[in-house]
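I opened the notebook to record what I looked up in this structure. The entries follow the order in which I went through it.

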Amino acid sequence: MRLVHVADAGPNEVAVGWRGDHETPLVRSFVEIARQVRDACPELVSQLQEPDFADCSVPPHL
């Protein structure tokens, strides 16, 4: 695996979509859990949005 840091890219974003006429309890549950994680773990969300690549190294064979 090769990691490439892109300095001028914006933060990561995740979108969840579903058909409006097909909302299920599973969809509602997934969205609620995602919101709970977002609100309860801002440090995790921050790490996902702006990862620190300083500790990453590329193996010499790549």
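Entry 1, helix contacts. I began where the helices touch: Val 37, Arg 38, Asp 39 and Ala 40 of H1 meet Pro 42, Leu 44 and Val 45 of H2. I took contact to mean heavy atoms within 4.5 Å. The model is predicted, and I kept local features at pLDDT of at least 70 and side-chain atom pairs at pLDDT 80 or more, while totals for chains, interfaces and linings use all residues. Residues are numbered from 1 along each chain as its sequence is written, and side-chain values use heavy atoms, with hydrogens and water left out.

Entry 2, helices. I noted two helices and zero strands in the protein chain. Helices (H or I, at least four residues) and strands (E, at least two) are DSSP runs, numbered from the N terminus. How do the axes of H1 and H2 cross? They come within 5 Å and cross at roughly 95 degrees, H2 being residues 42-49. Axes are lines fitted to C-alpha atoms, for helices over the stretch in contact, with angles from 0 to 180 degrees between N-to-C directions. H1 and H2 are therefore roughly perpendicular to each other. I used these classes: under 35 degrees roughly parallel, over 145 roughly antiparallel, 65 to 115 roughly perpendicular, the rest oblique.

Leaving aside neighbours within four places in sequence, Val 45 is in contact with Val 37 and Arg 38. Val 45 is partly exposed, at 22% relative accessibility. Buried means under 20% relative accessible area, exposed over 50%, and partly exposed in between (1.4 Å probe, protein chains only).

The chain exposes about 5800 Å², and carbon and sulfur atoms supply 57% of that. Accessible areas come from the Shrake-Rupley method with a 1.4 Å probe; for residues, only the protein chains shown count as cover.

I counted a side-chain nitrogen of Lys or Arg within 4 Å of a carboxyl oxygen of Asp or Glu. How many salt bridges does this rule give? The count is three. Side chains of opposite charge can pair when their charged atoms come close.
- Arg 19 and Asp 21 pair at 3.1 Å, N to O. Arg 19 is exposed at 55%, and Asp 21 is exposed at 63%.
- Arg 28 pairs with Glu 23, with the closest N and O atoms 3.4 Å apart. Arg 28 is partly exposed at 43%, and Glu 23 is partly exposed at 38%.
- Arg 38 pairs with Asp 39, with the closest N and O atoms 2.8 Å apart. Arg 38 is partly exposed at 46%, whereas Asp 39 is exposed at 54%.

Which residues make the nonpolar surface patch of about 440 Å²? I listed Val 14, Val 16, Trp 18 and Phe 30. Patches are made of residues with over 30% relative accessible area and no salt bridge; like charges are joined within 9 Å, nonpolar side chains (Val, Leu, Ile, Met, Phe, Trp, Tyr) within 5 Å. Val 16 is in the segment before helix H1 (25-40) and is partly exposed at 45%. Val 14 is also in the segment before H1 and is exposed at 80%.

I checked Val 14 against Gln 49, which are 35 residues apart along the chain. Their C-alpha atoms are separated by 10.0 Å.
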